[in-house]
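Open the model in your viewer and keep the selection panel to hand.

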Amino acid sequence: MASEKVETIVAGNYMEMERAAGGEAADDGGDDHQAGGTASASASRRGGGGKTALSSLFWHGGSVYDAWFSCASNQVAQVLLTLPYSFSQLGMASGIVFQLFYGLMGSWTAYLISVLYVEYRTRKEREKVDFRNHVIQWFEVLDGLLGKHWRNMGLFFNCTFLLFGSVIQLIACASNIYYINDKYDKRTWTYIFGACCATTVFIPSFHNYRIWSFLGLLMTTYTAWYLTIAAIAHGQVEGVTHSGPTKMVLYFTGATNILYTFGGHAVTVEIMHAMWKPQKFKFIYLAATLYVLTLTLPSAAAVYWAFGDALLDHSNAFSLLPRSGLRDAAVVLMLVHQFITFGFACTPLYFVWEKLVGVHEARGVALRAAARLPVVLPIWFLAVVFPFFGPINSTVGSLLVSFTVYIVPALAHMATFAPAAARENAVERPPRGVGGWPGMFAANCFVVAWVLVVGFGFGGWASTVNFVRQVDTFGLFAKCYQCPPKH
């Protein structure tokens, strides 16, 4: 019995992963070493050709830094432009508190997802399962640890959220480009950018987003500080008022948009799987969140200070800032970043579809790209149907994000480690300072209760009411949502 326990603890020290990843330095010039050793070896082959120094620099990423850039870049994209709108609904104090609170809660549940991924993968590798031509996804983690009913629940929420997350990126592209070129209405721009974003089918996996993640974060950083400095330089508009919060509907709508902001870890498993050593992920999302807060807090606070209640009718912060070369540059950079974020949200959907049609393990990029195209069509269609930039974020946040990245991971962690044997043989022990397993369970119960009541309950009610108002006011297939009248 004692020897069996020792063996379990050794395996729980990532012995399988470290052995697979240990060939990183020796295998730097070959095609067979990829994320986590065996896990994503196929990513390089799927990308085609030998690994040159240039392609390694720009294309083949799997380090801790790549994961940090991916998390930070994916976490804050178009939502940066809607946070001042949320501040006008919440008020300054509540807006700041909710950002800090949901940032911490999002980092916690991202940590839970990483723990479950490592637990699942370690168990499977003990059974000699080979992931060389297979990308592990969240629903498969749930299936392996808890069974098919959890798998189906994870698959439904994750796919639906990522579908609408991609829709939101398309809507944001049309909303932003309109402020530098109003020759076409926003619906026409949605058609155009839908075709542009469809080119993401050629990016094999998250392993190949190295340069895009880096550039995406630079673009968001520029935009955030442009908003901050431009708003302060502009000063407060004449007669500015800061009356929020005034209505409960608006208050919880704004809160759920912030819940959505820090719920970008629906792709955590795919990002981890693209790493050479996934066990090092642990607190990467927290580090990414801390950086993101340096962008979201100053920009949202500054724009709200300058324009106040005017933001209640302008969900895109660009719409209130005077046109200039700096603003146009921010718009263009955000457009490129939204293309990148579209790829982040869509790539897990591509993987699911590939597995469904049986081409996931194919090595031909053209075949997989062709198979992925049907995934883009419903996204394109829904972006035209619901062009409500801003309100749709809150609706998706309350109805989908609340379960996808908060409630389900917390419940899954508790269910996985409920048996004493599972806790004893756990690959990842509770971090210091949380009170061991009882502290972990207490924190998870709090997350479930809070998000279920405040996020899904009140937030779902408020965001749905607000969304229906947008439909009643502008109608479905709105040609140009919140466009100023042309003179």
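Predicted model: local features only at pLDDT ≥ 70, side-chain atom pairs only at ≥ 80, totals over all residues.

Against which helices do the buried residues of α10 pack?

**Stop one: α10**

Select residues 186–197, the twelve residues of α10. Now colour Lys186, Trp189, Thr190, Phe193, Gly194 and Cys197, which are buried. Look down the axis of α10: these buried residues fall within an arc of 140°, so they line one face of the helix. An α-helix has 3.6 residues a turn, so residues three or four places apart point the same way.

Next, show α9 (148–177), α15 (325–357) and α16 (365–385). The buried residues of α10 pack against these helices, which settles the opening question.

**Stop two: α12**

Select residues 248–261 for α12. The 14 residues should span 20 Å at 1.5 Å a residue, and the end C-alpha atoms are 20 Å apart, which agrees. Is α12 mostly covered or mostly open? Mostly covered: twelve of its 14 residues are buried. Among them are Val249, Phe252, Asn257 and Tyr260.

**Stop three: His265**

Move on to the loop between α12 and α13 (268–273), where His265 lies. Is His265 buried or exposed? His265 is buried, because its relative accessible area of 1% is under the 20% cut-off. Show its surroundings. Leaving out residues up to four places away in sequence, His265 touches Gly106, Thr109, Ala110, Ile113, Tyr285, Val405 and Tyr406. Draw a distance from His265 to Gly106: their C-alpha atoms are separated by 7.7 Å, yet the two residues are 159 apart along the chain.

**Stop four: the largest pocket**

The largest pocket has a volume of about 250 Å³. Of its 13 lining residues, pick Leu104, Met105, Ser107, Trp108 and Leu286, the closest to its centre. Which helix gives the largest share of the lining? That is α7, with six residues. Show α7 (92–126) together with α19 (436–474): each supplies at least two lining residues.

**Last stop: the whole chain**

Zoom out. The protein chain has 19 helices and zero strands. Of its 487 residues, 59% count as buried. Among contacts with a separation of 6 or more, 84% join residues 24 or more positions apart. Finish with the surface on: the accessible area is about 18400 Å², and 67% of that belongs to carbon and sulfur atoms.

Methods. Residues numbered from 1 in each chain as written. Heavy atoms only, no water. Helix = DSSP H or I, 4+ residues; strand = E, 2+ residues; numbered from the N terminus. Buried < 20%, exposed > 50% of the residue type's maximum accessible area, 1.4 Å probe, protein only. Contact = heavy atoms within 4.5 Å. Areas by Shrake-Rupley, 256 points an atom, 1.4 Å probe, with all protein chains shown as cover. Expected span 1.5 Å × (residues − 1). Arc of directions from axis to C-beta. 1 Å grid on protein atoms, 1.4 Å probe; cavity = no way out; pocket = protein on both sides within 12 Å on 5 of 7 lines; lining within 4 Å. Points joined across faces, edges and corners; volume = space filled by probe spheres on them.
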